[in-house]
Amino acid sequence: MLEKADRYCKLLQELNLKLVKAVDTHLHADHVTGLGELRDRTHCITIMGEQSKADVVSMRVSDGDRVTIEGLALDVLYTPGHTDDSYSYLMGDRVFTGDTLLIRGTGRTDFQNGSARAQYDSIFNRLLKLPEETLVFPAHDYKGDTVSTIGEEKRYNPRLQVKSIDEYVELMGNLNLPNPKLMDVVIPANMHVGLHQDELAKQGLALNAREAIESLGRTDVLLVDLRESSERTKHGTLSGALHAPYPSIDESLKPGGMLREVAAATGRRIVFFCAFGERSAMAVQAAKDAGLANTVHIAGGIDAWKKAGGPVLHG
Ligand SMILES: [Fe+2]
């Protein structure tokens, strides 16, 4: 939640943690997300599902992907129903269920392309198939509960005591809930969480996709791919690009760091790129802060590059 960003940051500081990735399970209708604010304050990678209507997030995931953070991994489960961009994330003994499965409840399905049918499938055929002792952490709980288990929800969640998908659909269709307060303000706000890449363009620190395609093969340019190995495998990469994942950008840019040394040794201008231009925009800023002024990025990332007809290498 946007208004809790101070609290999150204070906690990170107290626990001496670095926020590397922040995941929104879906586009919320009841509160403004803190995703963009956390990105601005901590330069973390923002993640949502590929169906999300949010304008820009750093990384988009789909079912079966894996989100990795030093020593941790979250398996991505597409669990639509509450919205069509609802995801759950399984991390070992626990699952983060967003608003798909709540404690003694389930997320409403009556707007944002919600579907009670899809939700039944997500809950009964995916989440409830997890081991009963799996801890369930939903996105929120209006009663103040924070954690449950799959077994507990199977037995005591009143919405799950149905005998068929049709019974569930009927139950969800008769809830007659009022729309969330401020929904008309909140949803559009949550669609615009993207980093304002136009600032960099104004400073001459961005190449548009076409300019970037034209620079391909130039010997004074060094393309640097900030994405993770999994994204490169899935979406392809650019010819001649050096791989330097964004989470270790600060180390790569400091004196003695890989990128700094390569840039110094070759005299080439670094052109950062990533999936949608968020990480690369933050990398240009990080390079500037580290005293490397001559870097640029590809606005809109490899997504824009592909849309402009740029060649991509696979495999
Ligand atoms: Fe929600």
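How many salt bridges does the structure hold? The structure holds 24 of them, a salt bridge being a side-chain nitrogen of Lys or Arg within 4 Å of a carboxyl oxygen of Asp or Glu. The model is predicted: local features need pLDDT of at least 70, side-chain atom pairs count only at pLDDT 80 or more, and totals for chains, interfaces and linings use all residues. Residues are numbered from 1 along each chain as its sequence is written, and side-chain values use heavy atoms, with hydrogens and water left out.

The overall dimensions come next. The C-alpha trace of the chain spans about 65 × 45 × 35 Å along its principal axes. A compact globule of 315 residues would have a radius of gyration near 20 Å, and the 21 Å of the chain agrees with that; the radius is taken over C-alpha atoms, and the globule rule is 2.2 Å times the number of residues to the power 0.38. Of the 315 residues, 49% count as buried, where buried means under 20% relative accessible area, exposed over 50%, and partly exposed in between (1.4 Å probe, protein chains only). The accessible surface of the chain comes to about 15,300 Å², with 54% belonging to carbon and sulfur atoms; areas come from the Shrake-Rupley method with a 1.4 Å probe, and for residues only the protein chains shown count as cover. Among contacts with a separation of 6 or more, 64% are between residues 24 or more positions apart, a contact meaning heavy atoms within 4.5 Å.

The secondary structure comes to 13 helices and 16 strands. These are DSSP runs numbered from the N terminus, helices being H or I of at least four residues and strands E of at least two. An open sheet of 6 strands runs in the order S4-S5-S6-S7-S10-S11, with mixed pairing; two strands pair if DSSP finds at least two bridges between them. At the edges stand S4 (66–69) and S11 (148–149), each of which pairs on one side only. Within the sheet, S5 (residues 72–78) and S6 (residues 87–91) are antiparallel over 4 bridges, and Val76 stands opposite Tyr89 in S6.

The iron ion is coordinated by His26 (NE2), His82 (NE2) and Asp99 (OD) at 2.1 to 2.3 Å. His26 lies in the loop between strand S1 (21–23) and helix H2 (35–42), and His82 in the loop between S5 and S6, so the pair ties together parts 56 residues apart in sequence. Donors are N, O and S atoms within 2.8 Å of the metal (3.2 Å for Na, K and Ca); water is not among the atoms, so sites may look incomplete. Both His26 and His82 are buried.

Several salt bridges can be located individually. Arg117 and Asp166 meet at 2.8 Å, N to O. This pair links distant parts of the chain, with Arg117 in helix H3 (residues 116–125) and Asp166 in helix H5 (residues 165–173), 49 residues apart. Arg117 is partly exposed at 44% relative accessibility, and Asp166 is partly exposed at 46%.

Lys143 and Asp141 form a salt bridge at 3.3 Å, N to O. Lys143 is exposed at 58% relative accessibility, whereas Asp141 is buried at 15%. In helix H7 (residues 198–202), Lys202 and Glu199 are 3 residues apart and therefore separated by about one helical turn; their closest N and O atoms are 3.2 Å apart. Finally, Asp6, Glu37 and Arg41 are linked in a network of salt bridges.
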